[in-house]
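Here are my notes on the model.

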Number of protein chains: 2
Amino acid sequence: MTHPTALESKFRRGEAHLRCIACGNLQADAGANFRCSTCGDLLEIFYQGWSGDAAGDLKSLWQQRKLSREAVDQSGVWRFRELLPSLLSLEDAITLREGNTPLYSLPRCARIAGVEHLQAKHQGMNPTGSFKDTGMTAAASFARQHAFQWVACASTGNTSASMAAYASRGGLRSLVLLPEGKISWGKLSQALDYGAVTCQLKTDFDGCMQVLNQVVQRAPVYLLNSVNPYRIEGQKTAAIELMEQLNWQPPDHIIVPGGNLGNSSAIGKACLEMKELGLISRLPKISIIQAAGANPLVRAMRDNGGQSITPVQAETMATAIRIGNPASWKKAVRILKATGGTVDEVSEVEIALAKAEIGADGVGCEPASAVTLAGLKKLVKRGFVTPSDNVVLILTGHLLKDPEFTLNFHRGELLVGNQQEANMLARQRRAPVVLDATVDAVLKVLNGQGN
Amino acid sequence: MTHPTALESKFRRGEAHLRCIACGNLQADAGANFRCSTCGDLLEIFYQGWSGDAAGDLKSLWQQRKLSREAVDQSGVWRFRELLPSLLSLEDAITLREGNTPLYSLPRCARIAGVEHLQAKHQGMNPTGSFKDTGMTAAASFARQHAFQWVACASTGNTSASMAAYASRGGLRSLVLLPEGKISWGKLSQALDYGAVTCQLKTDFDGCMQVLNQVVQRAPVYLLNSVNPYRIEGQKTAAIELMEQLNWQPPDHIIVPGGNLGNSSAIGKACLEMKELGLISRLPKISIIQAAGANPLVRAMRDNGGQSITPVQAETMATAIRIGNPASWKKAVRILKATGGTVDEVSEVEIALAKAEIGADGVGCEPASAVTLAGLKKLVKRGFVTPSDNVVLILTGHLLKDPEFTLNFHRGELLVGNQQEANMLARQRRAPVVLDATVDAVLKVLNGQGN
């Protein structure tokens, strides 16, 4: 057993500052809403003065922590704490042993997409079943460190589940605001179990966000929506862990689902920082795939090179990325440009097909995650990804997050546009067959399947 | 990076034999049905000739493998391969990085139950969301090693999900048999996604099992129901990993949910073997809790000290342990006696309450897992567990395995027997409140909650 304080490094930790992503304004305090006090845009954390010559030292430090029995060392987020703001104290860390997610080869998906080397970093294997946990451990810990007793978000999905878990874990109370009447009970079940207080407001989602923005200014409630820059810091550790798993040899491409665009921003930020520190010697291209029905970033890149974004009315069965007005779009555009990545969009049928293909590799994921494989197929066809490239898909949510989607697919209840698409789906469909209870009937099915 | 072959130990691996649990008959081959060729009872694996003086060596070997990038070393099952049958070859290992599950403290549950030291080993954090994965990696690997192309089970729940995932992962095909008309689509969604062939037979569950027992004798299909002794070997690693997490200091009590009784048998088997090898110096008491509506083991222990078991018509909302005729009851009785554990049963209301309490500690689990906390309360009241004892609960399934149960609870749709129970549940209920979309309305709710 190695106590964490015994693990020292020659690395000098950078001083963390809050900086506006638009006007560059530095500010000491994030305020209640994490907005620039000058121009109102988002804040990010940047580090000043960290030493860049301790890469080997850091790598071995992080490895050694795997042998420790301390909770913060067993966390796949806090294990990399040298690249997190030092004001996040270990004593206040609220951890569920998040991170530590597997990197799976996807041999059949690779053949389907036409690449030789395809892997998936499965962030859906986090404790509450989505990548949100890696960010929530950091931001919820910040809340506790600053003596907040309440945290809050407007969300009906993965964010509220993760927030509620970390709040309970840390002895905090949590508040979830959601629009009345549009409640998705399935998505809310985790938040209820973890003890969140949930309020259905007589308004839409934007209305909930507006009320919440005022609540956090009038009461000591800590905002945990994705504008919170500490969430981004926690989420970026997924990329650090990925590089460690790859023995610090970056892949050629990382492909990320695009919803609110915080996750692609976080992964890109980590890559830029790792490059700066000499932990990796080159940048992977980070590309972002959106559902065609929720594609504001794709449109922005196509129409104006990412200078401005026009919100869309989002519609996709991949609910985790059903976002028409993504909060972190400017951060994402910066990552696309800095790494040389691209964007693309995929149809509902392409998503469903890709999800079944990932499942058939024994992995499984929620629909939003499957846009990565669907998008990869297009990037290969476009020539942006070449067959010999190393590709890593970021899977963001667990298969169990959305069993209904899986069932509708295999029961043939998915609506499709044309016969060609219907045929494609039918080939992947695995509906149960009804048989007499005889050995011969079962053997006939087996023989009919070939191998 | 440490290559596994570079990690050697002075430990001499035991020769694995198949032995009948009833008549002790040794047999070289398990047959297609894993039954004793003499008396028809279950087979188990036992080890002959392993050296008992290498405990420290094994402990450090297993620790060092945590630093390896090899898939078999990253598995929480294969990392402990010295205690698995050596005929399971590493080349054929099918792994999803199972095991490696967290050990959580449960501070609030501890106060509620009246003990000082309470932890939960969360086997629901395995890749497909249940403890079945640790057994399935071993048994599915055995199937591949023996050139089977098909594996099969009769199940609609966690077993079929796990089997389908490992089969796909290993390039095998999988067959699930289930009774027609009683299909639980939600539970089946994972098996479909992972590519299983599912057949609904016009019979009941026992009828499915009978057909399957004949199918595996007439066709090269490998049986993966719980009678498969390799599943038990894989599952026992959870206890080894637990002891490692506890720095090889056994707790006073381990409390396990009782359904088919394979899991309690596996955990007990591991403890006995670890004691024999000097890895631990004393045995924890292993106790088994059943739902009152599915309590054949509790009845057997009460009525005849576990000499015989009478099947019951099982009924409980904790579907994962809704089993009236448990296959591994003899193995479980042996563990109860060898470790000095006990049994108890808990009501539906007690299960629901315990589940909400575990959730409020930020952890969450499926209903069957919650019987452990509900049972602990009773064991404390009985004086079997004393307040200063160290207690570990085994949580077997992920919260997302059964969102409906959670929702019914918080929506107040759970049927209860009397007013006292209804009041108990109401105190844990967290149904959403509907509000006007104003800051004042939300603040009023917050103020009403206290902290």
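1. His122(A) has Leu395(A) as its bridge partner in S13(A). The strands involved are S5(A) and S13 (residues 390-395) of chain A, which run parallel and are joined by 6 bridges. Please keep in mind throughout that this is a predicted model.

2. On to the next pairing of S5(A). Strand S4 (residues 103-105) of chain A and S5 (residues 117-122) of chain A run antiparallel, with 3 bridges between them. Tyr104(A) has its bridge partner in S5(A), namely Ala120(A).

3. S13(A) also pairs with strand S10 (residues 253-257) of chain A. These two run parallel and share 3 bridges. Here Ile254(A) is placed opposite Val392(A) of S13(A).

4. Which sheet holds these strands? It is an open sheet of 6 strands in chain A, ordered S4-S5-S13-S10-S11-S12, and its pairing is mixed. S4 and strand S12 (343-346) of chain A are the edge strands, each pairing on one side only. On average, neighbouring strands are turned by 25° against each other, direction ignored. Helix H13 (residues 367-382) of chain A packs on this sheet. That helix touches S5, S10, strand S11 (285-291), S12 and S13 of chain A. Its direction makes about 115° with that of S12(A).

5. Cys199(A) has Val433(B) as its bridge partner in S14(B).

6. Is helix H6 (residues 185-193) of chain A enclosed or open? It is largely enclosed by the rest of the structure, because 7 of its 9 residues are buried. The buried residues are Lys187(A), Leu188(A), Ser189(A), Gln190(A), Ala191(A), Leu192(A) and Asp193(A). Their cover comes from both chains: it includes H5, S7 and S8 of chain A together with H13 and H15 of chain B. Just after H6(A), Gly195(A) takes a positive phi of about 95°.

7. H13(B) packs against helix H16 (residues 419-428) of chain B at an angle of about 15°, with axes 10 Å apart. The two helices are therefore roughly parallel to each other. Their crossing is left-handed. From H13(B), the contact takes in Val349(B), Ala352(B), Leu353(B), Ala356(B) and Glu357(B). From H16(B) come Glu421(B), Met424(B), Leu425(B) and Gln428(B). By type, the contact residues are 6 nonpolar, 1 polar and 2 charged.

8. H13(B) also packs on helix H15 (residues 403-410) of chain B. The angle is about 100° and the axes are 11 Å apart. That makes the two helices, H13(B) and H15(B), roughly perpendicular. H13(B) contributes Ala352(B), Leu353(B), Lys355(B) and Ala356(B), while H15(B) contributes Phe405(B), Thr406(B) and Phe409(B). This contact divides into 5 nonpolar residues, 1 polar and 1 charged.

9. My last point concerns Glu366(B). This residue lies in the loop between helix H13 (348-360) and helix H14 (367-382) of chain B. Is Glu366(B) buried or exposed? Its relative accessible area is 2%, so Glu366(B) counts as buried; the cut-off is under 20%. Neighbours within four places in sequence aside, Glu366(B) contacts Asn158(B), Lys187(B), Ala320(B), Lys355(B), Gly397(B), His398(B), Leu399(B) and Lys401(B). One of these, Lys355(B), also belongs to the contact of H13(B) with H15(B).

Technical notes. Residues numbered from 1 in each chain as written. Chains lettered and ligands numbered in written order. Predicted model: local features only at pLDDT ≥ 70, side-chain atom pairs only at ≥ 80, totals over all residues. Heavy atoms only, no water. Pairing = 2+ DSSP bridges. Helix = DSSP H or I, 4+ residues; strand = E, 2+ residues; numbered from the N terminus. Buried < 20%, exposed > 50% of the residue type's maximum accessible area, 1.4 Å probe, protein only. Contact = heavy atoms within 4.5 Å. Axes fitted to C-alpha atoms, helices over the stretch in contact; angles between N-to-C directions. Parallel < 35°, antiparallel > 145°, perpendicular 65-115°, else oblique. Left-handed = near helix turned anticlockwise from the far one by under 90°. Nonpolar A, V, L, I, M, F, W, Y, C, P; charged D, E, K, R; others polar.
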